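Biologist: Please take a close look at the salt bridges in this model, and then at the helix contacts that go with them. I would like one connected account.

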Amino acid sequence: MFYSYDPLRNSCIVLCILLFSGCEIADGPLGTSDPIPHAEAIAPEDPIYAPSPSPYADSLLEVAENYIEAARYDSAVNVVTKAKGVFEEIDYREGIIRSIVVHADALERWGKYGESLSILDDNLDQAHRWLGEGHLLIGDMYNTMGIVNRRNGNLALSIVFYKKALLIREKHLGNRHSLVGRSKNNIGVFYANLGDYDEALKHYKEALDIRMTALGENTKDVAQSYNNIAVALKNKGDYDESLIYHERALAIRKEVFGAIHPEVGASYYNIGVTLGAKGNYARALENHKRSLSIWRETFPNGHPLIGQNYNAISIDYQKLENYEEALNFEQRSLSEISRSQGEEHPYTLYTYANIGDIFLEQGRYQEALEYYHKVVNISNRKDVKQHPALLNAYHGISDLYYKQVELEKALHYSDLAIQRNHMEFLPVSYLNASRLDNYSSDTSLLNSLVLRAQIYKALADQEGVQMLEAALNTYQMAVKVIEAHSLSFKNDGSKLLLAEQTTSMYEEAIQVALLLYRYYDDESYLNSAFQFAELGKVSVLLDAMNEADALEQAGIPDSLLQDEKELRLLLTYHDRIIKSELTKGKAANQEKVAKEKERFFTTKKTYDELVSTFENNYPAYFDLKYKGYTASLTDVVDEMLEEDELLVEYVVGADSLYIFVVSDSLRHVEVVSIDSTLSRDVERFKHGLAQRNRESYIPSAHSLYSVLIEPILDDVPQKESWIIVADDVLNEIPFGALISESRPVNSNYFDLPYLIHNYSFRYTYSATLELSQAYLKDQQSQHVADREKKDFMAFAPVFKSGFIGWERGAQMIESFRPDSIRTTEWGYLPQSKKEVQSIQSMFSERYSLWDKFLGDRSTTFLNKRASEHRLKSIDLSLYRYLHFATHGVVNKSVPELSGIVMAQDTTGGEDGILHLSEVYNLDLDADLVVLSACQTGTGKVARGEGLMSLTRGFMYAGTDALLASYWQVADGSTNWLMVSFYDYLLNGQSKTTALRNAKLDLMDRYPQFAQPYYWASFVLIGK
């Protein structure tokens, strides 16, 4: 995992591992992938050798191979020895060499690497003399020699043997045989060992293509390819995508081998490591213990891979802060590996490095240093220069000296860590923002850069401001690494995790930039701080919007775009079925889940292949999709703000709140000290508003005002319209409900000094997002012919058959399940019908007689006609205003299942809820979407990305702005508020001003609605 303040422990061990297994990727003792060696020499499904003169000896070889597959290696060796004896009696030389190959393979699978290599070395010359150098069996010998050399850390020699094996196999079998696929796979393993995961993936996918053609999908070889692809994706940081491939590999292995088999255990091992990399250490531990149980049952005593499993369990305990158990399992790991491989085998390096990390975390610096130096010394003796454990040791030593404020030493070992991470061992002087390629691990490089920046910052006290400049430059390089790192991610979950993991780094970078700003009084440093703040917000949504724009603008044929849309809809459907079923917990239909996962996997493979085609064949698609842009202060002033507007952007740090204030006449930042009180006040404020609790609301409303608003008021120009960019816990805060003076908790709501009396507020996820949206709109208008736009479309299911409802929300939070929708009686919302009819009348009153005659510029669907099926059958992009007056449901655990409730029409094949996952697939070109329902603006707060709510989906789908709610809203007051809002809007006011005036009117005309519960829930998000 990526750290910032707490230094980067286990970075290389968890995320950048040397891979060791036979023809499957397997990390070292602390590895992150399947450590099961795989029988390569002879494939039962490939009858490539003619029968020998002795059917008995042939049958013995077949039995030996079966023993190998069953992990009964001692039995395999005994039987193959008998077969070899028979072949020797009849002097059948090909049979003798085949026996030697199977014998060596059994020893390698047994973990007896030295014996395996010895038997091959001793017989290679003889095999050449008997069979000729280009014989297929010689290729099998080379292949196993490559495996064993890789396991012993001799990568340079392993690739020589792998390539020799490939040439022989292609000569005899052509380029589409499964054995050729296995050689391609092994070459991929070699590149993965070097940390070149893109090149590894290229070879893995070539191998997969061959294996699918030669063998079919539900085979062990294809499962192995899926496993290897998953491991490479994990090492690239694309954890969620990795899990998809691991789960498919596991399903195939269980089908092929049954529940108890080494390769099934290996899948659990890999899934555990990937879950650990995601930070889910408890589930990682469960999977590693499950794997260990299988391996103990299927492997002979003393197998080195059991030692690797102990190591993985140790990491889980370490992350769970159970250091006693972590050290216990490290010692068990070291004992197992040393007993079978010796104390200085490359496997042991991981164990020593991880013990050093455990001691470092405990503050036992001298003991940590001792174990790190063991890694360094063994690596030097074994001439292992680029082992990930060595990189981790150098990084750990650097971190150790940083903690002890021995900064020059810390910098020296940071140099060594970065140097060893480069494929050519180039010195750190080579490193700059334009030369960040050819590093074996982006994750390790990122961790090293962050630690290096921290060291530079600490050195500034001794060596002056130039060290701050070096720190800033280093953080800017780290940003380039993050951007490059996320480019290859195919799963938003992985991008969200990366965004979460880098938030602390962005805060550190802001601190450094502001120190330089205060020292030099140079606004360029303030701009750098602001851009770091922007980088820490909604990067995943921005990427998705760039990709959508790329599809539209890159000149891709309509037929391919239709394929992309249909595949995307299928993915959404399968994913929603899986997640909704899993919300049932123990009652979930696991057979249904497994089937949907298989369908999802197959569809996603096809979708990813199509996207790869776009990237390779349509250069404009690639350029548009991966364009990088971050708003500057100048961009905000020149392109975003109106004359009366002020941007206020917040960044919530560990113990500081950063408030950026930008207008046409001001560029300023305020830093406010905070503690846990801020989070408590936010929760009290939200609770007080939603539950109408004065004791919670009134004190917290002023306390938050004192922290969020008061510090900047002296510097703020007189701007009535504020744009708020919130962060972290400040999401879901309606700023208009803050109060500017302390008042008793029994105060009359009507008399409270609400901030809405002074300012209007709108909210945006980031300045970069808003400016990017504006740019995309401009681009689209240049490429899409003008169409006659319509004004208003509304949906109000009303739910006449339901119980009388006073609130527009479903009481099905968290546990909501779509399959229960048709058995639920939703509350009757009589005011929703009046609401949409009144608003449509406002539009109609402005039409000419001709427009009224045509009669379709404004449309309202009521009752059963307001169905999900109807919504999806309409070209929504024709409408400027879309309005939904209905119930809202929210699922904060699984935001994709949140949605708005439509009429329950069973004839259209829909479940009656427009889920967030479906909103993303809508095609909008709206000025405004109004979600006149409960909690449509709330959701799960993702650190570093913002609020995962329905509003996010509508923004992606193509609306400029949304009106959404933060809590349960009353049917009657909502009706009045919405009608008033549209009245002001259609009379020429901006959306922001119209909403503010509607709220003020509600309080003035109906004092009983002065309580913020009735008016503060609705907020305007977007332009």
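This is a predicted model: local features need pLDDT of at least 70, side-chain atom pairs count only at pLDDT 80 or more; totals for chains, interfaces and linings use all residues.

Modeller: Salt bridges link Arg576, Glu868, Lys872, Glu910, Asp911 and Glu918 into a network. In total, the structure holds 49 salt bridges. Side chains of opposite charge can pair when their charged atoms come close.

Glu69 counts as buried because its relative accessibility is 15%, under the 20% cut-off. Lys220 is buried as well, with a relative accessible area of 13%.

Next is a pair within one helix. Asp681 and Arg684 meet through their side chains in a salt bridge of 3.8 Å, N to O. Both residues are in helix α30 (residues 677-690), and because they are three residues apart there, about one helical turn separates them. Asp681 has a relative accessibility of 7% and therefore counts as buried. Arg684, in contrast, is partly exposed, its relative accessible area being 34%.

The remaining pair is Arg857 with Asp791. A salt bridge joins their side chains at 2.9 Å, N to O. Arg857 sits in the loop between α35 (849-854) and β7 (858-862), while Asp791 is part of strand β6 (residues 790-796), so the pair ties together parts that are 66 residues apart in sequence. Arg857 is partly exposed at a relative accessible area of 24%. Asp791 has a relative accessibility of 6%, so this residue counts as buried.

Now to the helix contact. Two packed helices are described by the angle between their axes and the distance between the axes. For helix α11 (residues 239-257) and helix α27 (residues 590-617), the axes come within 10 Å and cross at roughly 125°. The two helices, α11 and α27, are therefore oblique to each other. The crossing of α11 past α27 is left-handed. On the α11 side, Glu241, Ile244, Tyr245, Glu247 and Arg248 take part, and they meet Lys597, Glu598, Phe600, Phe601, Lys604, Lys605 and Asp608 of α27. Sorted by class, the contact of α11 with α27 has four nonpolar, no polar and eight charged residues.

Two single residues complete the account. His203 is located in helix α9 (residues 197-215). With a relative accessible area of 11%, His203 is buried. Leaving aside residues up to four places away in sequence, His203 touches Lys184, Ile187, Gly188 and Tyr191.

Asn975 is found in helix α39 (residues 971-986). Asn975 counts as buried because its relative accessibility is 11%. From Asn975 to Lys834 the separation is 141 residues in sequence and 7.4 Å in space, taken C-alpha to C-alpha.

Conventions. Residues are numbered from 1 along each chain as its sequence is written. Side-chain values use heavy atoms; hydrogens and water are left out. A salt bridge is a side-chain nitrogen of Lys or Arg within 4 Å of a carboxyl oxygen of Asp or Glu. Buried means under 20% relative accessible area, exposed over 50%, partly exposed in between (1.4 Å probe, protein chains only). Helices (H or I, at least four residues) and strands (E, at least two) are DSSP runs, numbered from the N terminus. Contact means heavy atoms within 4.5 Å. Axes are lines fitted to C-alpha atoms, for helices over the stretch in contact, and angles run from 0 to 180 degrees between N-to-C directions. Angles under 35 degrees count as roughly parallel, over 145 as roughly antiparallel, 65 to 115 as roughly perpendicular and the rest as oblique. A crossing is left-handed if the near helix is turned anticlockwise from the far one by less than a right angle, and right-handed if clockwise. Ala, Val, Leu, Ile, Met, Phe, Trp, Tyr, Cys and Pro count as nonpolar, Asp, Glu, Lys and Arg as charged, and the others, Gly among them, as polar.
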